[in-house]
Amino acid sequence: MDLECYDGKCVRITTVWGEIFEGVVSYDDKEYAFHEYGREEKALHLVPILFFENDISNIVSLEDVNGPYGHFSEKYGLLEMKCLLWGTDFMEEVFDSEDDEQILRMLDCMKDNFQSLMDRAVSGMAPWRSGISMSESDDDESEQGPVYLGELDKMLNTLVKYSGNDKVVKEAEGLLARLSAES
C-alpha cells in the first residue's frame, strides 16, 4: 500500500476492525514511526490518531469529492465522536492542528452533543497542568476521558482569540456562551 501518496490529502480510512475515519492525513515513514512510536511500520497520522499500514484495510482519496460537507460524507464523523468521548486532551489536539475544517467538524460535534459533553464535565483544569500526578485509573470498560470545563473554556477562548477563520470564531463563541449558561 502506497501511503506516501496520501500525504496532505483528505481521505477515508477503513481500519481492519471496520471503523471508518475521514480527514486530512500526514505520512510517517518507517524510521520516523519507529523513532516516535516504537513501531517500524509506515503510518498515516489523522490528528489525534495514528494508523499503521497493517491497521488499514482500505483507503480512498476524498480530494475530488465536493458535496454538502466538502470532501466529507457528513458534517462530522467517527474521529470527532471518539475525540469527544476520549475527553478534552484529544479535543485539544484537534484544535491545535490548525486545520480549520477539522476544527469546525469538532466544534459541530461538540455543539450537537453538548448535553452528553456536559454530563461528563468536571470543574477546573486537568490535574497534570498544575503538576499533580494522575493516579492509575481502574481498568474499566469505558473509553471515556474527562472533560475539564476549565480546559474546554481555555481551548475555546484560544480559538476565539487566535483563529483567523471567522466561522471557527463564531462557532467557538457560541459554545462559550452555552458553557456560560450552564455555569
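Asp-28 touches Tyr-37, Lys-42, Ala-43, His-45 and Leu-50 when residues up to four places away in sequence are not counted; contact here means heavy atoms within 4.5 Å. The model is predicted: local features need pLDDT of at least 70 and side-chain atom pairs pLDDT 80 or more, while totals for chains, interfaces and linings use all residues. Residues are numbered from 1 along each chain as its sequence is written, and side-chain values use heavy atoms, with hydrogens and water left out.

Asp-28 is part of strand E3 (residues 26–28). Helices (H or I, at least four residues) and strands (E, at least two residues) are DSSP runs numbered from the N terminus. With a relative accessibility of 7%, Asp-28 counts as buried. The cut-offs are under 20% relative accessible area for buried, over 50% for exposed, and partly exposed in between, with a 1.4 Å probe and protein chains only. Asp-28 and Leu-3 are 25 residues apart in sequence, and their C-alpha atoms are 8.7 Å apart in space.

## The protein as a whole

The protein has seven helices and eight strands. It has 183 residues, of which 40% count as buried. Among contacts between residues at least 6 apart in sequence, 61% join residues at least 24 apart.

Asp-55 sits in the loop between strand E5 (49–52) and strand E6 (56–61). Its relative accessible area is 12%, so Asp-55 is buried. Apart from neighbours within four places in sequence, Asp-55 is in contact with Thr-14, Thr-15, Val-16, Trp-17, Arg-39 and Glu-41.

The loop between strand E4 (43–46) and E5 holds Pro-48. The peptide bond that leads from Val-47 to Pro-48 is cis, with omega near 0°.

## Helix H2 and its end

In helix H2 (78–86), the buried residues are Leu-79, Glu-80, Lys-82, Cys-83, Leu-84 and Trp-86. The elements that cover these buried residues include E2, E4, E5, H3, H4 and H5. Just after H2, Gly-87 has a positive phi of about 110°.

## From H3 into H4

Glu-98 is in the loop between H3 and H4. Its phi is near 60°, a positive value in a residue other than glycine. Glu-98 counts as exposed because its relative accessibility is 69%. At the start of H4, a side-chain oxygen of Asp-99 comes within 3.1 Å of the backbone nitrogen of Glu-101.

H4 has 13 residues and spans 18 Å from its first C-alpha to its last, close to the 18 Å expected at 1.5 Å a residue. The expected span is 1.5 Å times one less than the number of residues.

## The packing of H3 on H4

Two packed helices are described by the angle between their axes and the distance between the axes. The axes of H3 (residues 88–96) and H4 (residues 100–112) come within 8 Å and cross at roughly 145°. These axes are lines fitted to C-alpha atoms over the stretch in contact, and angles run from 0 to 180 degrees between N-to-C directions. The crossing of H3 and H4 is left-handed, that is, the near helix is turned anticlockwise from the far one by less than a right angle.

H3 contributes Met-91, Val-94 and Phe-95 to this contact, and H4 contributes Gln-102, Ile-103, Met-106, Leu-107 and Met-110. By class, the contact has seven nonpolar residues, one polar residue and no charged residues. Ala, Val, Leu, Ile, Met, Phe, Trp, Tyr, Cys and Pro count as nonpolar, Asp, Glu, Lys and Arg as charged, and the others, Gly among them, as polar.

## Buried residues of H4, and H7

Gln-102, Ile-103, Leu-104, Arg-105, Met-106, Leu-107, Asp-108, Cys-109 and Met-110 are buried in H4. The buried residues of H4 pack against strand E2 (20–24), H2, H3, helix H5 (114–119), helix H6 (149–162) and helix H7 (166–182).

Glu-171 is a residue of H7 and is buried, with a relative accessible area of 14%. Leaving aside neighbours within four places in sequence, Glu-171 is in contact with Leu-104, Leu-107, Asp-108 and Lys-111. The side chains of Glu-171 and Lys-111 make a polar contact at 2.9 Å. A polar contact is a pair of N or O atoms within 3.5 Å; within protein, one must be able to donate a hydrogen and the other to accept it, and residues adjacent in sequence count only if both atoms are side-chain atoms. Lys-167 also lies in H7, and counts as exposed at 51% relative accessibility. Lys-167 and Asp-100 are 67 residues apart in sequence and 9.0 Å apart in space, C-alpha to C-alpha.
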